[in-house]
Amino acid sequence: MAKRIVIASGKGGVGKSTLSSALAKALALQNRVLLVDCDPGLNALSLIFGKTEVLFSWADVFAERCELSEAAVPVTERLTLLPAPTNAEETDVSAVKEILKDADVTYDYMLFDAPSGVGGGLARAAAAADSAIVIATAETLSVRGAAKAAGTLSDKGISDLKLLINRYSVKDAKKGRLMTIDDVMNETLLQLLGVVPEDEGLVGGALPDAASPAGLAVSRVSLRLEGKNIPFRLSFIK
Ligand SMILES: Nc1ncnc2c1ncn2[C@@H]1O[C@H](COP(=O)(O)OP(=O)(O)O)[C@@H](O)[C@H]1O
Ligand SMILES: [Mg+2]
């Protein structure tokens with residue numbers, strides 16, 4: 001059985017597309033990974049991976065305009081991207097789930113990069129998933145959004161929910177500019193999967209360098225997802 005993970009947040013711009021891409025890439029070092037862009041219109045993941053000459057999306061597969069294999073774009077040896085349509089308002093909430101119902105034999109992991117907010121786009125991504133990673137930065141609005149997204153996901157039957165804190169800085173938390181990790185955990189009541197530091201090199205849709213602090217944090221998260229016992233260490237976060 002493939003592990004099917006939706007990556008969600010209440011608030012936009014907290015790093016869902018960046019971290020789902022980086023995480024998919026890290027998991028694909030050892031596993032067959034399908035990364036599904038569930039945020040119609042923006043095609044952020046196609047941009048991140050430089051696959052802008054995209055022909056088909058999951059909506060075309062659902063409407064039987066093409067096969068899944070025609071819409072899926074190879075990125076690396078084990079990483080495949082399934083692009084989003086330019087507009088998904090007309091597409092059924094079960095579309096993504098439906099087209100991937102037989103894909104367990106092809107992939108070990110399916111990651112669903114959800115749109116921000118708790119609307120129909122999240123419902124479509126959540127329907128396809130059996131667990132969730134909720135991303136928040138350590139700021140009040142983002143944390144509230146994460147708690148709301150987590151509530152929506154558990155209403156939809158996803159009970160395996162984990163928290164990934166992004167853009168963290170110990171220095172800023174000490175100065176009171178960010179919440180502490182404890183406070184974020186207390187507000188969301190979610191189990192912590194990892195903390196990714198603020199990385200100045202990450203501008204405009206870049207992926208973190210594997211050796212950078214953010215890249216190393218993502219690789220530790222991917223090992224935790226694979227069931228390895230990786231201790232939490234904040235010493236590398238400034
Ligand atoms: N750890 C990080 N450090 C610095 N910038 C980041 C980090 N993670 C994401 N970003 C930046 O934040 C912006 C929004 O990220 P994005 O992944 O598009 O968010 P979302 O998909 O949640 O809307 C992008 O410019 C991205 O480069
Ligand atoms: Mg995004």
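The largest cavity in this predicted model has a volume of about 60 Å³, where a cavity is a set of points, on a 1 Å grid over the protein atoms alone, at which a 1.4 Å probe fits but cannot get out, and where the volume is the space filled by probe spheres set on points joined across faces, edges and corners. By this rule there is one cavity of 30 Å³ or more. Its lining, meaning residues with an atom within 4 Å of a point, consists of Lys3, Ile5, Ser131, Ala132, Ile133, Asp160, Lys162, Leu193 and Leu225. Strand β6 gives the largest share, three residues, and β1 and β6 each supply at least two; strands are DSSP runs of E with at least two residues, and helices are runs of H or I with at least four, numbered from the N terminus.

These strands belong to an open, mixed sheet of eight, in the order β3-β4-β2-β5-β1-β6-β7-β8, in which two strands pair if DSSP finds at least two bridges between them. At the edges, pairing on one side only, are β3 (73-74) and β8 (191-197). Two bridges join β3 to β4 (residues 79-82) in an antiparallel arrangement, with valine 73 partnered by leucine 81.

Helix α7 (residues 140-155) lies across β1 (3-8), β6 (131-137) and β7 (161-168), at about 165° to β6; contact here means heavy atoms within 4.5 Å, and angles run from 0 to 180 degrees between N-to-C directions of axes fitted to C-alpha atoms, for helices over the stretch in contact.

Residues are numbered from 1 along each chain as its sequence is written, and chains are lettered from A and ligands numbered from 1 in the order in which they are written. Local features need pLDDT of at least 70, side-chain atom pairs count only at pLDDT 80 or more, and totals for chains, interfaces and linings use all residues, while side-chain values use heavy atoms, with hydrogens and water left out.

Notes:
On a 1 Å grid over the protein atoms alone, a cavity is a set of points where a 1.4 Å probe fits but cannot get out, and a pocket is an open set with protein on both sides within 12 Å along at least five of seven lines; lining residues have an atom within 4 Å of a point.
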